[in-house]
Amino acid sequence: MITEYIRSDSVEEAYGLLTSVGSRARLMGGGTDLSLHPPADVDTLIDLSGASLGGITRDDNAIAIGATVTLTEMLEYEPLATVWSGVVHTMLRRVASPLHRNAASIGGHLARGRLSDVVPVMLAIDASVRFYDGAPQQMPLGEFYATRRNRRPLVVTGVEIPVDGGRAAFRKFARTTYDLAILNVACGVRFDGSVVSSARIVVGERPSLAVELGDASGTLIGRPFDEDSIGQAARVARDTVDVRSDPRGSADYRRHLTEVLVRRCLSEIAP
Amino acid sequence: MNLTVNGVAFDVDVEPSETLLHLLRRVGLKGVKNGCDNGDCGACAVLIDGRAVTSCDYPAPAAADTNILTVEGLGTEGELHPIQAAFLDAGGVQCGFCTPGMMISAYELLGRVQEPSDDEIREALRGNLCRCTGYVKPVEAVRIAAARLREAAGG
């Protein structure tokens, strides 16, 4: 039960509140999740909407998005349509409905991690997360999740997307158009001529937190990108993905979806 | 906390755990429908500072100092808003429960796009579930409302 609602004016203040209240506190972006499903042991919400974390900026290397930017604001930001095959916009149009995208924040998505189409795409396109844990920090999003256990409290302040010519695709499979995905896949690939120089195949809603399938991604590197290499990567993805059953789908079904969606994503990326 | 709803200033006490849906219904705005209370159906949609959102998963304290529009603020007694009139004329209303939310979604769309395509209308209504109409008539209603608003704007 939420008994305290605090509006924070700055990241430093929010961090101070978070460390003094402890595990009973949660930071809040758009609140779409926390208002419906506050964790049982949480009684304090710290609203970040006044903490000056809005706005999107672009320089030669990256697009930087503040944590409280809504998914709609990202959809309205045209430069995002010009990088990584426009995959961020493709994905956002398939997230819930405008009624949710108008409130839900990118920071909330990244901080929660699970139940998200946003996270696998951000992992696939090498996004890095900005946060504050007493000092401003930045690290690749994949590393952020891999090291999340036993971490000190922090405030997610934004995300940075590199703009270096990689290609990407996103697929999700859901029971209805705006249901949560039974499984989703995002792939990001960079080329050196006709040969793949880097690749990330990411699977989300397994139903656990999205992960990169390193073995599957690795099969693509240093080779021409064709039907054979795509088929092999999709099969390795199926054989190595760690999936579970839940009411949305069985583990077997998710394994099958993994192969199909990886193949479709990679085929879309093929030049 | 202070907020403005349909042009009227409110000064209300709010519980930290309350959602905007329950706050608005508590102050008498029953046009904001409690359909699923779970962020799914869109019957509770309201405009907050120009953006349509589901009010059932919007924390009430987060609405402090905002400007809110509910279906009650669309038309006036005796004079329907063009969106409301179009829903009636097109048969876009059957049981009517989802209608306030649909009208709010339509209102946001028509504020941004004067001549929306059917795809744009369907995308705008994507978060409003309707069990009666099959969506064809509401989409037609928004198309008619857009044409009437363009006509009115053009003189």
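The model is predicted.

**Stop 1: the contact between the two chains**

Begin with both chains displayed and select the residues where chain A touches chain B. The contact takes 20 residues from chain A and 20 residues from chain B. On the side of chain A, the elements giving two or more residues are strand 1 (4-7), strand 3 (44-47) and helix 4 (98-101). Helix 4 of chain A provides the largest share of that side, three residues. Coloured by residue type, the side of chain A that touches chain B divides into nine nonpolar, nine polar and two charged residues.

**Stop 2: helix 3 of chain B**

Next, select residues 99-112 of chain B, which form helix 3. Is helix 3 of chain B mostly covered or mostly open? It is mostly covered, since twelve of its 14 residues are buried. Among the buried residues are B:Thr99, B:Pro100, B:Gly101, B:Tyr107 and B:Glu108.

**Stop 3: helix 3 against helix 5 in chain B**

Two packed helices are described by the angle between their axes and the distance between the axes. Here the angle is about 40 degrees and the axes are 11 Å apart. Helix 3 and helix 5 of chain B are therefore oblique to each other, and their crossing is right-handed.

Show the side chains at this contact. From helix 3 of chain B come B:Met102, B:Ala106 and B:Leu110, which meet B:Pro138, B:Val142, B:Ala145, B:Ala146 and B:Leu149 of helix 5 of chain B. The residues of this contact divide into eight nonpolar, no polar and no charged. An α-helix has 3.6 residues a turn, so residues three or four places apart point the same way.

**Stop 4: helices 9 and 10 of chain A**

Move to chain A and select helix 9 (residues 227-240) and helix 10 (residues 251-269). They pack at an angle of about 150 degrees, with their axes 8 Å apart. Angles over 145 degrees count as roughly antiparallel, and helix 9 and helix 10 of chain A are therefore roughly antiparallel to each other. Their crossing is right-handed. Helix 9 of chain A contributes residues including A:Ile230, A:Gly231 and A:Arg235 to the contact, while helix 10 of chain A contributes residues including A:Arg255, A:Glu259 and A:Val262. The residues of this contact divide into six nonpolar, three polar and five charged.

Now look at helix 9 of chain A by itself. Its 14 residues reach 20 Å from the first C-alpha to the last, close to the 20 Å expected. The buried residues of helix 9 are A:Ile230, A:Ala233, A:Ala234, A:Val236, A:Ala237 and A:Arg238. They pack against strand 11 (195-204), helix 8 (214-218) and helix 10 of chain A.

**Stop 5**

Select A:Gly204, which lies in strand 11 of chain A. Is A:Gly204 buried or exposed? It is buried, with 27 other C-beta atoms within 10 Å. Beyond its neighbours within four places in sequence, A:Gly204 is in contact with A:Ser116, A:Val119, A:Pro120, A:Asn184 and A:Ala210.

Then select A:Pro207, in the loop between strand 11 and strand 12 (211-212) of chain A. The peptide bond from A:Arg206 to A:Pro207 is cis, with omega near 15 degrees.

**Stop 6: two residues with positive phi**

Finish with two loop residues of chain A. A:Ser52 is found between strand 3 and strand 4 (56-58) of chain A. Although A:Ser52 is not a glycine, its phi is positive, about 60 degrees. A:Ser52 counts as partly exposed, with 13 C-beta neighbours inside 10 Å.

A:Leu115 is in the loop between helix 5 (106-112) and helix 6 (118-124) of chain A. Its phi is also positive, near 55 degrees, in a residue other than glycine. A:Leu115 is partly exposed, with 15 other C-beta atoms within 10 Å.

Conventions
Residues are numbered from 1 along each chain as its sequence is written. Chains are lettered from A and ligands numbered from 1 in the order in which they are written. This is a predicted model: local features need pLDDT of at least 70, side-chain atom pairs count only at pLDDT 80 or more; totals for chains, interfaces and linings use all residues. Axes are lines fitted to C-alpha atoms, for helices over the stretch in contact, and angles run from 0 to 180 degrees between N-to-C directions. Helices (H or I, at least four residues) and strands (E, at least two) are DSSP runs, numbered from the N terminus. Angles under 35 degrees count as roughly parallel, over 145 as roughly antiparallel, 65 to 115 as roughly perpendicular and the rest as oblique. A crossing is left-handed if the near helix is turned anticlockwise from the far one by less than a right angle, and right-handed if clockwise. Two residues are in contact if their C-beta atoms, placed from the backbone, lie within 7 Å. Ala, Val, Leu, Ile, Met, Phe, Trp, Tyr, Cys and Pro count as nonpolar, Asp, Glu, Lys and Arg as charged, and the others, Gly among them, as polar. The expected span of a helix is 1.5 Å times one less than its number of residues. A residue is buried if 20 or more other C-beta atoms lie within 10 Å of its own, exposed if 12 or fewer, and partly exposed in between; C-beta atoms are placed from the backbone.
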